[in-house]
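Q: Can you walk me through reading a structure like this one? I'd like to start with the pieces around the ligand.

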Amino acid sequence: MTSLAEFAQIVDEAARTAAAIPQFTESAPLDVEEAYAIQALSMERRFARGERLIGVKMGLTSRAKMIQVGVDEVIWGRLTDAMRLEEGGSLSKARYVHPRIEPELAFLMKRDLSGVVTAAEALSAVEAIAPAMEIIDSRYRDFKFALPDVIADNSSSSGFVVGNWARPDQDFSNLGIVVEVDGRPVQIGSTAAILGHPIRSLVAAARATAGIGGLKPGWIVLAGGATAAHPLKLGQNVRTTIQNLGPVSISVAE
Ligand code: OOG
Ligand code: MG
């Protein structure tokens with residue numbers, strides 16, 4: 001029997017070396033709790049290498065995303081400083097297995113937020129919001145996984161880029177989103193696709209992270225992809241624009 005620590009080492013190595021692995025659930029009947037334990041252990045390995053926890057990502061908060069991957073539960077993962085990419089900069093494709101990009105809304109926390117909270121309480125803990133993109137890169141072959149697999153794999157999170165921060169005291173419940181590749185629109189959506197209102201994703205994040213002490217001031221929370229994720233190809237420039245919030249972009253280099 002493979003131990004949780006061994007699974008953590010396998011998925012950590014796969015992420016570090018950009019080498020795809022078979023789904024864990026093909027050989028082991030993992031449950032969701034064990035999967036989060038593997039995620040925590042694999043991220044501990046990164047922290048031991050000097051990475052810092054700087055926030056969390058929520059996943060599968062829109063129907064478009066649930067349908068794309070065939071999993072219909074909201075999931076979460078951890079963001080580290082090493083995963084952050086420079087806005088307008090480039091990512092190195094060789095460091096990923098099969099990267100995809102998602103348009104996201106980012107929250108910057110100004111206060112602790114943990115456990116069961118209302119939408120109003122969640123909003124009052126937010127310092128700023130920004131347009132963002134997440135790079136997801138399932139470590140599993142062909143991007144195929146069951147719920148425990150993807151959770152163990154830090155919910156596919158591999159990188160993220162954040163645009164300019166804006167005040168949170170504006171209506172961001174239904175803002176238009178366009179994802180363009182080399183100037184050509186490839187995905188169109190709305191922030192309303194995220195659980196009806198992105199603030200609900202922050203409410204879910206506060207509850208999901210209660211076991212690790214909740215969300216902390218200065219943390220970034222990604223609300224989840226509002227559209228299906230788009231595969232990245234070498235040489236592309238990808239830009240996401242959220243109505244009223246502006247653009248965020250990145251290029252795909254070798
Ligand atoms: C799982 C991660 C989903 C999102 O924003 O919904 C996610 C995956 O699609 O591989 O990050
Ligand atoms: Mg995402």
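A: Helices (H or I, at least four residues) and strands (E, at least two) are DSSP runs, numbered from the N terminus. Here S1 gives the largest share of the shell around ligand 1, three residues. This is a predicted model: local features need pLDDT of at least 70, side-chain atom pairs count only at pLDDT 80 or more, and totals for chains, interfaces and linings use all residues. Residues are numbered from 1 along each chain, chains are lettered from A and ligands numbered from 1 as written, and side-chain values use heavy atoms, leaving out hydrogens and water.

Q: How many residues surround ligand 1?

A: A residue is near a molecule if one of its heavy atoms lies within 4 Å of it. For ligand 1 that gives 17 residues, with Lys57, Leu60, Lys65, Ser156 and Gly225 the closest.

Q: Which polar side-chain atoms lie by an oxygen atom of ligand 1?

A: A polar contact is a pair of N or O atoms within 3.5 Å. Lys65 has a polar side-chain atom 2.8 Å from a ligand 1 oxygen, and Glu134 has one at 3.0 Å. Gly225 uses a backbone N or O atom instead, 2.7 Å from a ligand oxygen.

Q: What about salt bridges?

A: Side chains of opposite charge can pair when their charged atoms come close. The rule asks for a side-chain nitrogen of Lys or Arg within 4 Å of a carboxyl oxygen of Asp or Glu. The count here is eleven. One of them joins Arg49 to Asp12, with the closest N and O atoms 2.9 Å apart. Arg49 sits in the loop between H2 and S1, and Asp12 in H1, 37 residues apart.

Notes. A polar contact is a pair of N or O atoms within 3.5 Å; within protein, one must be able to donate a hydrogen and the other to accept it, and residues adjacent in sequence count only if both atoms are side-chain atoms.
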